[in-house]
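Reader: Can you walk me through this one? Keep it brisk.
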Amino acid sequence: MLDYNASHFTFGMSTMPDSTIIGFEEAFGAHHYERIGVVVRQAKNCWLTDMNGRQYFDCLAAYSAANPGHHHPRIVSALVGALQGNYASVISNVVYTDPLGLFLRKMAELVPQLAPRFGANGNKVLPKNGGVESVETAIKMARFHGWKNKGIADGKQEIIVFDNNFHGRMITVVSFSSTPKYRNGFGPLTPGFVSVPYSDLDAVRAAIGPNTCGILVEPMQGEGGMRVPAPGFLQGLRELSDQHNLMLLFDEIQVGLGRSGKTFCFEHEQVVPDGLILGKALSGGLVPLSVFVTNAELMDQAFNIGSDGSTFGGYPLACVAGIAALEVLQEEDLAQRSAIQGDKLKKRIEEIARRSSHVKEVRGRGLFIGIEVREGNAMDFCRQLLDLGVLANDSHGHTIRISPPLTISDQEIDFITERLEKVLVG
Ligand SMILES: Cc1ncc(COP(=O)(O)O)c(C=O)c1O
């Protein structure tokens with residue numbers, strides 16, 4: 001029997017010491033993550049607390065899952081209401097539920113008309129759990145489009161992807177990753193992908209062939225080093241997709257839902273994709289929820305009874321969280337807050353960078369900011385930040401990722417920048 005103490009809410013779920021918790025993970029868990037030694041017992045808005053009451057400012061926000069801040073009270077109370085009201089659990093997919101209907105409508109209407117060349121049919125939404133599942137849904141859609149609408153032989157469809165992409169860790173998606181560690185030993189891999197340099201339109205043009213059915217892109221690369229593409233890149237992808245009738249798929253799992261200073265990252269270039277993938281912040285980081293959204297015509301064409309499904313995809317609890325999180329996004333104007341606070345924070349970081357011998361480049365949009373360090377050892381700086389009470393990590397080894405919850409206050413910007421100053425300037 002574990003030393004489980006549900007009434008001990010002050011420090012989380014149990015009173016067991018950190019060393020015991022770490023020992024359990026070591027002994028019983030797969031070692032697929034490098035952890036940095038802190039055992040978090042509570043998370044509230046932008047702050048994480050350990051057993052001794054020490055607080056850390058969360059500059060990671062679970063890679064955008066915690067955009068509205070941890071345990072946003074409105075999302076928590078919607079979830080508690082659903083659990084106490086007995087409308088939260090998975091119900092067989094042979095019946096309708098009201099949370100799913102309400103969520104689908106809200107989601108479909110929040111996104112501008114996708115793939116308008118297929119008609120003003122509105123959007124339709126296919127819900128899943130983790131983000132990678134919705135990436136795979138999008139891949140299925142693009143392949144189906146290639147087969148049905150372009151006459152490509154089934155099995156020959158190709159999708160253009162980008163070097164240093166990150167779309168998750170399941171077999172099909174790691175099959176086109178540029179990181180050997182994600183793939184090695186896990187073959188046979190899924191064929192049908194051609195990878196070209198990010199932000200390079202000429203390379204995309206050259207890669208388009210008779211079997212190309214789609215382009216899958218992150219409008220800004222998160223894991224690939226917090227990269228913002230060159231102006232005109234997304235617009236160029238749009239034009240090429242129109243010319244060659246390709247499905248243009250944007251993976252906004254990390255950069256959507258306010259993170260970039262706009263509700264959707266594609267709004268920065270006024271480019272509308274044919275398919276959109278969202279996850280992470282879609283439930284406010286409280287339960288797994290992701291979606292693939294596309295033009296209703298295309299969704300109906302590709303998916304009919306039996307051609308897709310998921311036990312938990314669109315289950316009531318996730319939809320309740322999704323509705324509440326989308327309401328918080330809109331009513332608290334999180335995109336605008338991200339734009340304003342991100343602008344302040346980036347300017348302060350740029351000012352520090354001018355006095356630092358370590359910083360090579362500062363880049364980003366909204367509260368998606370990367371600090372590339374010359375020595376390529378971003379994690380060394382992140383460890384120093386942790387000692388000073390800031391949780392951050394690296395992106396692609398060389399870049400410190402600064403992506404706090406979108407609710408960050410001016411005082412919290414002061415808190416982070418004072419600490420960045422210490423580690424980057426001294
Ligand atoms: C751009 C992007 N796509 C897909 C994923 C995979 O999402 P998940 O880990 O929820 O499967 C991630 C996760 O970080 C991501 O950043």
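Author: One definition to begin with: two residues are in contact if their C-beta atoms, placed from the backbone, lie within 7 Å. Helices (H or I, at least four residues) are DSSP runs, numbered from the N terminus. This is a predicted model: local features need pLDDT of at least 70, side-chain atom pairs count only at pLDDT 80 or more, and totals for chains, interfaces and linings use all residues. Residues are numbered from 1 along each chain as its sequence is written.

Reader: Which residues in α2 meet α10?
Author: Arg74, Ile75, Ala78, Leu79 and Ala82 do. Their partners in α10 include Pro316, Leu317 and Val320. By class, that contact has eleven nonpolar, no polar and one charged residues. Ala, Val, Leu, Ile, Met, Phe, Trp, Tyr, Cys and Pro count as nonpolar, Asp, Glu, Lys and Arg as charged, and the others, Gly among them, as polar.

Reader: At what angle do α2 and α10 pack?
Author: About 155°, with their axes 9 Å apart. Axes are lines fitted to C-alpha atoms over the stretch in contact, and angles run from 0 to 180 degrees between N-to-C directions. α2 and α10 are therefore roughly antiparallel (over 145 degrees).

Reader: What is the mean pLDDT of the chain?
Author: 96, and 97% of its residues reach 70 or more. pLDDT is the predictor's confidence in each residue, from 0 to 100. Over residues 1–9 the pLDDT is below 50. Where pLDDT is low, the predicted coordinates should not be read in detail.

Methods. Helices (H or I, at least four residues) and strands (E, at least two) are DSSP runs, numbered from the N terminus. Angles under 35 degrees count as roughly parallel, over 145 as roughly antiparallel, 65 to 115 as roughly perpendicular and the rest as oblique.
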